[in-house]
Amino acid sequence: MKWRVRPRLGRRENKRRWIGLAFAALLAAAPASPPPIRFREIAAQAGLSFVLENSPTDRKHLIETMPGGIAVFDYDGDGRPDIYFTNGAQLPSLEKSSPKYWNRLYHNEGNWKFVDVTEQAGVAGAGYSMGAAAADYDNDGRPDLFVAGVNRNTLYHNLGGGRFEDVTAKAGIRSGEWAVAAGWFDYDRDGKVDLWVVHYAKWSPAYDRFCGDAARGIRIYCHPKYFEGLASTLYRNRGDGTFEDVTARAGVAKYAGRGMSVAFADYDQDGYTDVFVTNDNMPNFLFHNLGNGTFEEAALLAGTALRDDGKAVASMGVEFKDYDNDGLPDLLVTALAGETFPVFRNIGKGSFVDATHSSRLGSQAVTHSGWGLGLFDFNNDGWKDLFTANSHVNDRVELFEPAVYRERNSVFVNSGGAFRDVSDEAGLTAVKAHRGAAFADFDGDGRIDAVVSALGEPAELWENASPQPQHWIELRLVGTKSNRNGIGARVRIGNQYAEMSTTAGYASSIDGPLHFGLGAVAIVAKIEIRWSSGLVQTLTGVKADQVTTVTEK
């Protein structure tokens with residue numbers, strides 16, 4: 001017989017354990033019946049005909065299973081969110097040799113009608129694209145677009161009039177590495193948004209390692225352990241249309257990972273935006289912004305590098321938002337079947353606890369593999385719910401493991417900080433190899449809808465058809481002393497907290513107003529906005545059920 005010796009917990013670990021137990025007890029008293037969530041898929045009738053061409057080959061290039069980022073942004077300023085899909089390219093050339101490989105921009109005409117405007121907008125792209133990030137980098141009032149790709153990145157400047165210009169070279173943005181995702185944030189609080197680019201690994205079309213079962217002639221995508229990771233790149237916005245690579249100076253260059261996605265929030269409430277990067281089968285990174293132009297990597301000490309069992313998982317997408325309405329941004333991460341979707345709950349003072357199971361998400365998500373995700377209040381009851389775009393990474397996983405490749409998406413309703421899978425009732429029936437996901441109120445009815453990409457199949461557009469009317473409000477933030485996007489601004493309504501960011505889930509982006517569900521509240525008594533400049537602005541007696549533009553004063 002072998003005796004199992006339980007390790008003695010230190011003071012920090014004991015604190016985390018007891019906080020987790022107390023939180024679990026609190027959830028036991030949470031309301032059991034939040035308003036229902038319903039979706040219906042309407043892509044075809046809406047004119048959304050995009051198919052994600054990932055160019056699968058018998059050589060199983062790893063890039064084939066990882067594209068699918070989406071950007072939702074109002075590129076022409078008509079008040080309706082438009083949709084941009086990134087797309088693959090021919091292999092091994094990595095060139096968009098046919099229009100079927102073009103990235104695609106769909107203009108929202110209203111009334112659930114979308115029109116492909118890719119050619120006239122000039123955004124078909126080049127190379128094998130992965131992720132997208134939208135924001136107004138030059139503060140001219142028009143959202144611009146960055147596209148991350150395999151050895152080729154593109155920065156589009158929005159010229160107005162529905163046209164974009166490729167300014168990659170003259171802006172100083174480089175290519176040459178496999179970039180999966182990117183995001184905009186103002187790390188130095190100078191009123192200009194900076195660019196963070198996430199890289200996965202060193203790879204070229206010449207890579208030809210055989211992985212799988214050679215005896216049976218079954219080849220699969222190789223495990224990430226065979227790929228050497230890369231550091232992210234940080235570009236500082238000079239304010240003259242050009243960017244400076246400050247990766248080394250900021251202390252980021254020495255942290256190589258297999259990066260998948262990035263999210264931003266001020267997790268320790270010191271006034272400076274921090275950065276979380278998901279890594280594939282290695283510890284995640286949490287870059288704490290020191291406020292002097294540099295970062296320290298703090299994930300292990302903060303409790304976000306690994307789950308409590310100490311195992312690294314295939315961390316994919318991430319949301320850096322407050323799911324339990326305690327005023328602190330938490331981390332929710334998608335991963336593969338058997339790994340759960342990890343939840344790191346922010347307990348203040350720079351620390352997190354693993355709340356994967358106390359939030360009740362662990363046991364419900366353990367059989368799923370997830371990529372894109374969105375933490376939004378889909379039923380407008382005042383609690384952010386979770387939508388995940390599901391599918392395994394390995395298209396032949398069913399020959400080796402008790403897992404499935406193609407899945408339907410999932411939605412987990414949030415009841416007082418505890419999640420419950422309501423996918424059956426929600427009507428999420430489409431079974432595909434889902435990847436990216438983005439979210440917006442596409443029809444202006446106050447309910448958040450979803451758009452999801454899928455490898456080799458048509459994208460999905462999910463209209464939120466939740467039946468019980470609830471009040472809501474959306475805030476469109478316009479900075480004057482801060483960046484014009486309002487990125488980094490923190491907003492509080494009652495016990496709800498949100499921070500303005502345009503990153504979303506897996507390799508995706510949403511440049512839109514902040515959405516708050518209000519339940520039965522028809523007049524918002526107080527809205528507090530803390531801009532990234534440090535200015536605090538308060539609104540009182542604001543009517544619900546509208547999009548309100550707030551300008552920094």
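Start your tour by selecting strand S19, residues 274-279, together with S18: the two strands pair in the antiparallel sense over six bridges. Keep in mind as you look around that this is a predicted model. Within this pairing, pick out alanine 263 and you will find phenylalanine 276 of S19 standing opposite.

Now widen the selection to take in the neighbours. Four strands make up an open sheet here, in the order S18-S19-S20-S21, with antiparallel pairing. Which strands sit at the edges? They are S18, covering 259-265, and S21, covering 295-297, and each of them pairs on one side only. Look along the sheet for its twist, which averages 20 degrees from one strand to the next.

**Stepping back**

Zoom out to the whole protein for a moment. How many helices and strands does the protein have? There are seven helices and 41 strands. The protein's radius of gyration is 22 Å, close to the 24 Å that the globule rule gives for 553 residues, so the protein is as compact as a globular protein of that length.

Of the 553 residues, 61% count as buried. Contacts tell a story too: among those with a separation of 6 or more, 61% join residues 24 or more positions apart.

**Aromatic rings**

Show the side chains of the aromatic residues. The count comes to 35 aromatic pairs. For one of them, select phenylalanine 185 and phenylalanine 264: the rings are stacked, 4.4 Å centre to centre, with 15 degrees between the planes. Phenylalanine 185 belongs to strand S10 (residues 179-185) and phenylalanine 264 to strand S18, so this pair ties together parts that are 79 residues apart in sequence. Are these two residues buried or exposed? Both phenylalanine 185 and phenylalanine 264 are buried.

For another arrangement, go to phenylalanine 387 and phenylalanine 439, an edge-to-face pair at 5.4 Å centre to centre with 75 degrees between the planes. Phenylalanine 387 is in strand S27 (residues 385-390) and phenylalanine 439 in strand S30 (residues 434-440); the pair links parts of the chain 52 residues apart. Phenylalanine 387 is buried, with a relative accessible area of 0%, and phenylalanine 439 counts as buried at 2% relative accessibility.

Ring pairs link Phe185, Tyr187, Trp196, Tyr255, Phe264, Phe285, Phe287 and Phe295 into a cluster.

**Along strand S11**

How many of the six residues of S11 (residues 194-199) are buried? Six of its six residues are, and the strand is mostly covered.

Finish with the strands that pair with S11. S10 runs antiparallel to S11, and six bridges join them; here phenylalanine 185 has aspartate 194 as its bridge partner in S11. Strand S15 (residues 233-237) also pairs with S11 in the antiparallel sense, over three bridges.

Note on methods
Residues numbered from 1 in each chain as written. Predicted model: local features only at pLDDT ≥ 70, side-chain atom pairs only at ≥ 80, totals over all residues. Heavy atoms only, no water. Pairing = 2+ DSSP bridges. Axes fitted to C-alpha atoms, helices over the stretch in contact; angles between N-to-C directions. Rg over C-alpha atoms; globule rule 2.2 N^0.38 Å. Buried < 20%, exposed > 50% of the residue type's maximum accessible area, 1.4 Å probe, protein only. Contact = heavy atoms within 4.5 Å. Phe/Tyr/Trp six-rings, centres within 6.5 Å; stacked < 30°, edge-to-face > 60°.
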